Amino acid sequence: MVRHLNVKTKSRNEFVDITDIVQEAVKDAGVTKGICFLYVPHTTAGITINEGADPSVQRDIMNALSRLVPHEMNYSHREGNADAHIKSTLVGNSVNVVIDEGKLVLGTWQAIFFCEFDGPRHRRIAVKFL
Ligand code: ZN
């Protein structure tokens with residue numbers, strides 16, 4: 001069974017901390033041990049795990065991605081969101097998190113982030129427990 005988490009983003013570029021809603025999905029599913037596989041079925045968004053305690057880390061990652069991949073360049077893709085497609089590929093569209101004793105096994109400073117690169121939009125994240 002595949003579950004879905006819904007995320008509503010507010011900006012063109014945004015990291016959304018989804019750790020709590022993923023943990024809630026683990027609890028709802030009654031999974032105590034295993035793997036939580038999270039998959040983003042979008043071509044202009046991604047998912048990553050990184051520092052959740054200091055928001056300046058998220059800003060630095062987003063700013064670094066924007067320096068690497070500027071919004072305006074001589075791209076072939078004429079939809080105006082070529083940068084978002086490239087950022088999506090750089091960040092990746094899936095992560096795995098170990099579950100033990102019903103909890104996501106994350107480091108003290110780690111959080112799971114949905115990465116929006118072409119918002120604001122309504123997005124979905126597929127969740128599969130293995
Ligand atoms: Zn496009």
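Visitor: Which residue's side chain meets that of Arg-12 in a salt bridge at 3.5 Å, N to O?

Guide: Side chains of opposite charge can pair when their charged atoms come close. A salt bridge is defined here as a side-chain nitrogen of Lys or Arg within 4 Å of a carboxyl oxygen of Asp or Glu. In this predicted model, local features need pLDDT of at least 70, and side-chain atom pairs count only at pLDDT 80 or more, while totals for chains, interfaces and linings use all residues. Residues are numbered from 1 along each chain as its sequence is written, and side-chain values use heavy atoms, with hydrogens and water left out. The partner of Arg-12 in this case is Asp-118.

Visitor: Where do Arg-12 and Asp-118 lie?

Guide: Helices (H or I, at least four residues) and strands (E, at least two) are DSSP runs numbered from the N terminus. Arg-12 lies in the loop between β1 and β2, and Asp-118 in the loop between β7 (110–116) and β8 (122–129), so the pair ties together parts 106 residues apart in sequence.

Visitor: Is Asp-118 buried or exposed?

Guide: Buried means under 20% relative accessible area, exposed over 50%, and partly exposed in between (1.4 Å probe, protein chains only). Asp-118 is buried at 13%, whereas Arg-12 is partly exposed at 23%.

Visitor: What is the N to O distance between Asp-83 and Arg-12?

Guide: Their side chains form a salt bridge at 2.9 Å. Asp-83 belongs to helix α3 (residues 82–91), 71 residues from Arg-12. Asp-83 is buried, with a relative accessible area of 0%.

Visitor: How many salt bridges are found in the whole structure?

Guide: The search finds 5. Among them is the pair of Asp-100 and Lys-33, with closest N and O atoms 2.7 Å apart.
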